[in-house]
Every structure is written in structure tokens, then in C-alpha cells.
Amino acid sequence: MANDAIMQRRVLAAIGAAIVSSSLALPWLSARSASHSYAHSAISLPIFPWIILTLVLVALLCNLLSTSFSVSWLESLSAALASVIFLSPIVSVISINLASAWATPALMPSTFRRVLIGVTPASGLWLALFGGLLMVVSAIDKTSEFLEGLRSSGQRLRAGDRTVIAVILAIIGAILYLESRYQSWITLSVSTTTGAPERWPIPGFALPVIGIVSNFEIIAIIACAIWQITRPSLGTATTLTIIGFAPVFYGAIGACMRLVPSDASIRIPEAFNSTIAQWAPTAERMSNGYMSIPHLRQSVHANFSMGQGSTCSLIAGLFVVLAGLILIHTHKNEGN
Amino acid sequence: MNTALGIILITLVVMVTLWVTIFGTAGAMLSRHAGSSRSLGIFLGASLGPIGLIILLIRSRRSHQPQILSDSMVGITIQTSSGTMDIGI
């Protein structure tokens with residue numbers, strides 16, 4: 001039995017390490033210039049992939065050795081390295097989202113802000129986060145609890161347990177909501193000083209209010225979903241339902257915007273162009289001419305169309321609300 | 001662009017490593033004091049930072065708190081690696 005547990009721990013660590021290593025070949029970040037986006041795999045970045053590979057190999061080796069010869073410092077080192085591997089993608093995602101929150105630019109150093117604005121996390125980064133989580137679970141010796149939790153959730157799902165179904169719906173909603181942040185909500189066609197019209201897709205994270213508030217809503221949805229698995233309560237179910245109405249509301253605004261005329265003459269404030277003048281040269285220099293931000297005419301004729309971001313947000317909200325309502329119904333039945 | 005992104009990601013990994021070293025070590029010490037796994041303490045300290053340390057401190061205090069075992073006995077509960085042991089006076 002003990003041998004089985006050790007084998008499971010080793011296998012989980014190896015799977016985690018394989019996932020993190022393979023994620024390096026996938027796009028980690030997607031950088032955006034005014035109208036184009038470019039994917040960057042971790043392997044294309046200098047030095048960084050080698051640092052991650054070394055961390056993964058040393059963490060895996062320490063984990064395997066600590067299960068063979070119970071040496072406490074090897075276990076501690078394995079846990080510390082696995083924590084670094086798990087936390088690095090999380091900190092990257094947080095940094096990207098902080099840089100995207102234009103209302104609070106002072107939170108980040110200016111170099112970070114110049115480069116990270118318009119950068120979005122891609123599939124490789126999320127995969128590395130998942131692989132890091134598996135490595136941490138193995139390193140802190142919680143493999144059996146983790147697998148048991150998965151097994152019992154699977155059994156409850158097969159038995160038609162509504163709580164598990166609702167939690168899965170809520171998590172799908174959170175993932176869709178997260179995805180909607182990086183999709184285009186509004187596409188602006190504006191004339192620039194060079195005369196050529198530019199198409200600017202504006203993603204959800206760049207929108208005022210929605211861009212910042214949605215971060216906290218996603219965290220709250222995931223927290224409520226996890227809370228429901230461990231300690232189901234009517235309060236959390238109600239909170240989940242209320243939070244779910246927010247993305248539905250944003251999506252509904254998007255649907256209404258489709259009805260209004262899409263042509264408008266906008267007078268660009270001088271402050272906007274002076275901000276571009278301040279940021280553009282450094283961003284262009286640091287990116288070797290890759291991020292070019294054109295100046296706008298003072299009075300521009302803009303044509304806007306709605307992107308799929310708001311629709312995605314509407315669907316995400318419906319998933320979360322449905323999950324919350326199922327949980328409330330379940331509690332009500334249990335109470336009766 | 002690749003160089004700038006690479007430098008930023010390396011800086012983030014270095015910052016995370018420093019964070020894990022400081023809070024992970026403190027978490028390991030507190031967890032050891034509370035009689036639970038050192039690696040779990042490292043993870044809690046590293047992932048939750050100061051909040052994780054407060055949680056571990058509360059757990060550590062609870063595990064060393066004197067408690068009433070029965071109406072006439074007062075004792076302490078000592079947590080060991082193999083379980084808990086009550087000593088009554």
C-alpha cells in the first residue's frame with residue numbers, strides 16, 4: 001500500500017514535469033501591436049526556457065530521491081522548487097493583468113508596463129500552471145488525497161450529484177469569462193495622421209471598469225466553486241448567482257451596442273495623443289519597431305463593430321448563474 | 001520584443017524564488033513547530049505569503065495550547081509525527 005502511494009507520487013511528479021517541459025514549446029505569451037498579435041513560445045525567449053527546464057529537472061530529481069531515501073532537506077528543496085515552478089506562471093498572469101489595468105499603472109514599474117501592455121497569456125502559460133500544480137501536490141505529499149478527491153468527484157458526477165455538476169458549470173463559466181477578457185469586445189476603425197485607416201480590436205481587459213472588475217469576479221467565482229466542494233452553503237451559492245449576473249449584464253450591453261449606429265465622429269482629447277507620444281518611442285525601441293502606435297487625428301471618424309468578447313461574457317455569465325441556481329435548489333431540497 | 005519579454009519573465013522567476021526562499025523558510029519553521037509537514041509549510045508560506053504565515057502561527061499556537069481533558073484534569077496535547085499524545089495533570 002505504502003509502495004503504491006510512493007509510486008503514485010512519483011508518477012504524478014513525472015507527469016507534472018512532462019507537462020511543464022512540453023508547455024515551453026507552446027505559445028506562452030501573445031503580444032499585440034496596434035492591430036496585429038504575435039505568439040511567443042517560451043523556447044523562443046532567451047535563457048528563460050533553460051531556467052525553467054533546470055528548475056523542473058532538479059525538482060523532479062529531489063522528489064524522486066526524497067521518496068527513496070527519506071532525507072528531509074531533499075523533501076523541503078523539492079517543495080520549494082515545485083512552489084517556484086507553480087507560482088511563476090501565476091505571477092506572470094497577475095503581472096500581465098496588472099499592466100493591462102490602465103487605471104492603476106503606478107502599480108508596475110514603467111518598463112514592465114511598456115512591454116506588457118497588450119500582452120496576453122497563451123495556452124503554454126496555463127499548461128505550465130497546471131503542470132506546476134501537479135508537481136506541488138506531489139512534492140507536499142498530498143497525492144493520495146488529490147487522487148481520492150478526483151475519484152470521489154468522478155463517482156459523485158456519475159451518480160448525478162448536482163453540487164459537482166454545478167461546480168463544473170461554474171468553473172467552465174470562469175474559464176469562458178477569462179477567455180472573454182482577451183477577446184475583442186469592440187473593433188474600432190480609425191483614421192491616423194498617416195492617413196491609412198487602422199483597425200483596433202479592443203479586448204475586454206482594456207475596457208474601463210469591466211477590465212479591472214472582471215479580474216476580481218473571476219477569482220470570486222473560482223473561490224465560491226471550491227468553497228462549495230469543501231463546505232457547501234446557501235450563502236456561497238447565492239453569492240455565485242449574484243456574481244454571475246455581472247458578465248451577463250456586460251454581455252447584454254454588448255448586445256444593445258449592436259443596435260446603435262456604428263459610425264461616429266470623435267474628437268480625440270489632446271491628452272490621449274500626448275500619452276501616445278510619451279509611450280510609443282520607448283515601446284517601439286524596446287520591441288525593435290515591433291510595437292508601433294500611430295498618432296490619431298484630432299477629429300476622427302470612427303467606425304466600430306462589436307466583437308465576440310461580449311457574447312462570450314454573456315455565455316460565461318449564464319453558466320455561472322445556472323450553477324448558482326442549481327446549488328440554491330439543491331440546498332433548498334436538502335433543507336426540506 | 002523577445003529579449004524584453006525574456007528579461008521580464010526571468011525577473012519574475014527571480015522575484016518568485018526570493019519570495020519562496022523568505023516565506024517558504026519561515027513557513028517550514030512554523031510548520032515544524034506545529035508538528036506538521038515541513039514541505040506543506042513551505043508551500044503555504046510561499047503561496048499565501050504573510051497570510052500563510054499567520055495561518056501557520058495560529059495552527060502552531062493551537063497545537064501547543066493547554067486544554068481541559070476532563071472535569072478534574074488539566075493537560076496539554078503534544079503533536080508528534082506519529083499522532084497526538086495527551087498528558088494530564
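User: What kind of model is it, and how are things numbered?
Analyst: This is a predicted model, in which local features need pLDDT of at least 70 and side-chain atom pairs count only at pLDDT 80 or more, while totals for chains, interfaces and linings use all residues. Residues are numbered from 1 along each chain as its sequence is written, chains are lettered from A and ligands numbered from 1 in the order in which they are written, and side-chain values use heavy atoms, with hydrogens and water left out.

User: Which residues of H2(A) are buried?
Analyst: Among them are A:Phe48, A:Ile52, A:Leu55, A:Val56, A:Ala59 and A:Asn63. Buried means under 20% relative accessible area, exposed over 50%, and partly exposed in between, with a 1.4 Å probe and protein chains only.

User: Where do the buried ones sit around the axis of H2(A)?
Analyst: The buried residues fall within an arc of 165 degrees, so they line one face of H2(A). The arc is taken from the directions from the helix axis to the C-beta atoms. On the other side of H2(A), A:Trp50, A:Leu57 and A:Leu61 are exposed.

User: Why can residues of a helix point the same way?
Analyst: An α-helix has 3.6 residues a turn, so residues three or four places apart point the same way.

User: New topic: at what angle do H6(A) and H7(A) pack?
Analyst: Helix H6(A), residues 143-158, and helix H7(A), residues 162-182, pack at about 105 degrees, with their axes 8 Å apart. That makes H6(A) roughly perpendicular to H7(A). Axes are lines fitted to C-alpha atoms, for helices over the stretch in contact, and angles run from 0 to 180 degrees between N-to-C directions. Angles under 35 degrees count as roughly parallel, over 145 as roughly antiparallel, 65 to 115 as roughly perpendicular and the rest as oblique.

User: Which residues meet there?
Analyst: From H6(A), A:Ser153, A:Arg156 and A:Leu157 meet A:Thr163, A:Val164, A:Ile165 and A:Ile168 of H7(A). Contact means heavy atoms within 4.5 Å.

User: What about H1(A) against H6(A)?
Analyst: Helix H1(A), residues 2-23, packs with H6(A) at about 80 degrees, and their axes are 9 Å apart. H1(A) is therefore roughly perpendicular to H6(A). Here A:Gln8, A:Arg9 and A:Leu12 of H1(A) meet A:Thr143, A:Phe146, A:Leu147 and A:Arg151 of H6(A).

User: Is A:Ser184 buried or exposed?
Analyst: A:Ser184 counts as buried, at 15% relative accessibility. This residue lies in strand E4(A), residues 184-191.

User: And what is the phi of A:Ile47?
Analyst: A:Ile47 has a positive phi of about 60 degrees although it is not a glycine. A:Ile47 lies in the loop between strand E2 (37-41) and H2 of chain A, and counts as exposed at 55% relative accessibility.

User: Finally, how many helices and strands has chain B?
Analyst: Chain B has three helices and three strands, running α-α-α-β-β-β from the N terminus on. Of its 89 residues, 39% are buried.

Definitions and conventions: Helices (H or I, at least four residues) and strands (E, at least two) are DSSP runs, numbered from the N terminus.
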